[in-house]
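Please open the structure in your viewer and keep the selection panel at hand. The stops below go from the whole chain to single side chains.

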Amino acid sequence: RLFARISVASMTTASSSTGQEVGTSWTKSVSDKGEYVRKASQFRSWISNDKSSNFAAESGRYHLYVCFACPWAHRALIVRELKGLTDAITVNVVDWHLKPGGWRFSPDKPGCTADDVNGFNTLREVYTSVDPAYSANITVPVLYDKKKRTIVSNESAEIIIMLNSAFNCVCGRADLDLYPEEFRAEIDSVNEFVYNNVNNGVYRAGFATAQEPYDEAVTKLFNALDDLENRLSTRRYLVGSPKSRLTLADVRLFTTLIRFDWVYHQHFKCNLRQLVDYPNLWAFTRDIYQLPGVSGTVNKEHIRKHYMMSHTQINPHGIVPIGPQLDLDKPHDREKLP
């Protein structure tokens with residue numbers, strides 16, 4: 001019953017970013033029935049390794065605007081690290097605290113930076129510099145072209161596909177393919193299942209304003225986690241047979257799981273079980289975390305403070321829970337699995 005086959009198009013159009021500034025906040029994406037309905041991303045161009053392309057892959061040309069707290073931006077940071085693109089693609093980090101005025105640059109805050117490309121004070125200025133009439137959501141991640149001074153994409157699912165393959169001419173790990181042709185149907189199927197039930201499922205639970213949509217989202221979430229726990233009991237990674245291999249599907253699941261016990265379990269009321277109650281999912285999370293470069297993309301302070309202090313409708317006093325303590329460096333032993 002687990003994963004229905006889908007197209008790449010349906011995978012990517014459903015996966016728009018979460019981080020919205022207060023003027024167009026998540027509350028405006030809640031239906032009359034109290035159900036959170038995510039809006040689609042607006043910038044959907046593609047970078048190519050074809051030199052004649054409108055957006056040709058070049059070292060130093062492209063830039064990522066991210067927030068460490070956002071799981072969708074986190075995907076891009078992880079793939080950038082895994083593919084050895086840290087020198088080829090520059091990064092700026094917005095403030096974790098989303099207040100009136102939206103995402104802003106706070107270089108004096110630990111882990112945050114200035115806007116080194118445009119010198120703007122807010123991410124909204126990046127969007128409106130490209131399109132002065134832009135009125136949709138201001139989201140992260142943003143993949144920006146410094147040469148053309150425009151936004152290439154703000155759709156995380158498509159950005160990570162570009163980072164995986166378009167920059168092989170300038171990356172440090174051209175040998176690593178996280179979206180191999182022979183497994184794309186399976187990767188797309190897993191991604192659709194995980195997106196609908198887990199990645200977006202925690203938000204559908206946390207942002208619900210009525211009991212029925214909350215109950216539905218939480219039930220689907222934990223049914224999916226049960227299925228994934230079983231799937232990972234016999235294989236190290238989500239995709240591949242007879243031997244599984246690391247793919248974009250693992251990255252996309254990881255960015256939700258790493259936030260689960262710190263944030264979603266309590267803040268989004270996804271509290272039927274904790275991640276640590278799932279031996280295989282918890283070991284899988286540690287496995288991905290311990291891959292070279294990945295731990296440096298995980299900023300616990302930004303993650304916890306963003307959710308607890310930005311979502312005042314959910315947590316009006318902005319109290320940040322002191323726990324739980326998670327040992328992410330504990331051996332995972334998953335290298336023994338196929």
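**Whole chain**

Colour by secondary structure and follow the elements from the N terminus, where they run α-β-α-β-α-β-β-α-α-α-α-α-α-α. The total is ten helices and four strands, with helices (H or I, at least four residues) and strands (E, at least two) taken as DSSP runs and numbered from the N terminus. This is a predicted model, in which local features need pLDDT of at least 70 and side-chain atom pairs count only at pLDDT 80 or more, while totals for chains, interfaces and linings use all residues. Residues are numbered from 1 along each chain as its sequence is written, and side-chain values use heavy atoms, with hydrogens and water left out.

Of the 338 residues, 58% count as buried, where buried means under 20% relative accessible area, exposed over 50% and partly exposed in between (1.4 Å probe, protein chains only).

**Loop between H4 and H5**

Next select Gly 172, which is placed in the loop between helix H4 (156–165) and helix H5 (184–199). Gly 172 is exposed, with a relative accessible area of 56%. Leaving aside residues up to four places away in sequence, Gly 172 touches Lys 83 and Gly 84, a contact being heavy atoms within 4.5 Å. Although Gly 172 and Lys 83 are 89 residues apart along the chain, their C-alpha atoms are separated by 6.2 Å.

**Helices H8 and H10**

Now show residues 248–267 (helix H8) and 300–310 (helix H10), whose axes come within 10 Å and cross at roughly 10°; axes are lines fitted to C-alpha atoms, for helices over the stretch in contact, and angles run from 0 to 180 degrees between N-to-C directions. H8 is therefore roughly parallel to H10, a term for angles under 35 degrees. On the H8 side the contact includes Arg 259, Trp 262 and Tyr 264, and on the H10 side Ile 303, Arg 304 and Tyr 307 are among the residues involved.

**Aromatic rings**

Within helix H8, select Phe 260 and Tyr 264, which lie four residues apart, about one turn of the helix, and are both buried. Their rings form an edge-to-face pair, 6.5 Å centre to centre with 80° between the planes; rings of Phe, Tyr and Trp (its six-membered ring) pair if their centres lie within 6.5 Å, and planes over 60 degrees apart count as edge-to-face. Extending the selection, ring pairs link Phe 260 and Tyr 264 into a cluster that also includes Trp 72, Phe 268 and Tyr 307.

Key: Parallel < 35°, antiparallel > 145°, perpendicular 65-115°, else oblique. Phe/Tyr/Trp six-rings, centres within 6.5 Å; stacked < 30°, edge-to-face > 60°.
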